[in-house]
Every structure is written in structure tokens, then in C-alpha cells.
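Thanks for coming. I will take one structure and walk through it from the charged side chains to the core. Please have a look at it before I start.

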Amino acid sequence: MTETGERNRPQSTGNETAGGEPSSRRTSIGKRVDPGVRGRTTIADGVVEKIAGLAARDVVGVHAMGSGISRTFGAVRDRVPGGSSRSNVTRGVKAEVGEVQTALDLEIVVDYGVAIADVARDVRENVVAAVERMTGLEVVEVNIAVSDVKLPDEEEDEPEQRLQ
């Protein structure tokens with residue numbers, strides 16, 4: 001407030017529309033600034049892990065994510081009320097997210113009979129495309145560890161939910 005009781009108002013830039021709203025901001029040298037670049041956007045590791053996990057599971061030949069032990073512990077945790085700290089979607093996925101780049105480690109179980117190198121390539125391509133499209137981050141690496149092969153006659157440890 002000023003001495004006269006009036007509120008201080010922002011100085012006019014001369015760029016206002018009829019309603020007094022700025023039509024666009026100008027920098028000190030007169031260039032217009034895109035409103036989409038004002039401020040910061042941060043993306044949590046868990047967000048990237050979910051995107052990558054869903055993209056990896058979508059590849060034909062990927063039976064499950066995570067090692068057998070992590071899937072077993074996850075199944076037990078899921079049955080305990082309030083015990084699940086990580087969802088099935090992020091199991092087997094670890095992301096390190098920076099301001100403009102991310103790196104991913106994935107642990108997968110493949111179906112017996114598939115070409116593992118082809119499945120790994122397809123997983124990499126699908127994960128990179130999904131993460132870069134949805135987050136705008138550059139994926140610098142996707143490391144894939146194949147921890148097991150699902151044989152046709154093996155029983156399921158836990159039913160893996162697949163997207164249709």
C-alpha cells in the first residue's frame with residue numbers, strides 16, 4: 001500500500017490487451033518469450049519407471065518384469081494390506097532422471113523360444129519411444145538384464161497382467 005492507501009500496481013509494459021492482460025512478455029531486449037518456457041517441470045523417477053515398465057511389457061516375448069525373487073516378494077507384499085510399496089508396473093525397472101536426460105535399467109523374463117537379442121532390441125526401441133514422447137527427456141541408455149526364461153510347462157509364480 002502507498003501512503004494514500006492505494007495498492008501498488010504493476011507498471012504497464014504497453015503490451016496489454018483491452019482487458020489489461022499482457023498479450024505476451026518481452027525480455028529486456030524486446031524479444032517475445034514463449035509462455036511455455038516459463039518455469040520448470042520436474043519428472044519423478046517413478047513416473048519414468050511406470051512409462052518404461054508399461055512399454056517393456058507391451059513387447060511380444062516379454063513374459064514378466066523383475067527377477068523371480070523380486071516377483072515372489074512382490075506377490076507376498078501385494079497380499080499384505082498396505083504392504084505394497086511398488087506397483088507391478090514398476091517391478092524390474094529402475095530409472096535415474098536428470099533435468100533433460102534419463103537412464104534406465106530393466107530386468108525382464110522372456111518367453112522360451114524367442115530370440116533374446118531381438119526382444120531386447122524391441123524393448124529398447126519401445127521404451128525409448130514411449131519415455132521420450134511422454135516426458136520430453138532424452139533417454140541416454142536402456143540396460144536390459146534377462147534374468148530368466150519362462151518355459152511352456154512352468155507354473156506361474158504370479159499372474160502377470162498384460163495390456164490388451
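A salt bridge, as I use the term, is a side-chain nitrogen of Lys or Arg within 4 Å of a carboxyl oxygen of Asp or Glu. Before I apply that, two remarks on the source. This is a predicted model, in which local features need pLDDT of at least 70 and side-chain atom pairs count only at pLDDT 80 or more, while totals for chains, interfaces and linings use all residues. Residues are numbered from 1 along each chain as its sequence is written, and side-chain values use heavy atoms, with hydrogens and water left out.

How many salt bridges does the structure hold? Three. Glu125 pairs with Arg121, with 4.0 Å between the closest N and O atoms. Both residues belong to helix 3, four residues apart, which is about one turn of the helix. Helices here are DSSP runs of H or I with at least four residues, strands are runs of E with at least two, and both are numbered from the N terminus. Arg121 also bridges to Asp118, at 3.2 Å from N to O. Those two are about one helical turn apart because they sit three residues from each other in helix 3. Asp122 is a further partner of Arg121, again with closest N and O atoms 3.2 Å apart. Through shared partners, the salt bridges join Asp118, Arg121, Asp122 and Glu125 into one network.

Are these side chains buried or exposed? Buried means under 20% relative accessible area, exposed over 50%, and partly exposed in between, with a 1.4 Å probe and protein chains only. Arg121, at 39%, is partly exposed. Asp118 at 36%, Asp122 at 29% and Glu125 at 48% also count as partly exposed.

Now the inside. A nonpolar core is a set of buried Ala, Val, Leu, Ile, Met, Phe, Trp, Tyr and Cys residues joined through side-chain atoms within 4.5 Å. The largest one has 24 residues, and Leu104, Leu106, Val123, Val127 and Val131 touch the most other members. Helix 3 (116-135) is among the elements that give two or more residues to this core, and its six residues are the largest share. Which residues does Val123 contact, leaving aside neighbours within four places in sequence? Counting heavy atoms within 4.5 Å as contact, they are Ala56, Val59, Val62, Leu106 and Ile144.

Last, the strands. Strand 2 and strand 3 run antiparallel, joined by five bridges; pairing requires at least two bridges found by DSSP. A hairpin of three residues connects them, and Lys94 stands opposite Asp105 in strand 3.
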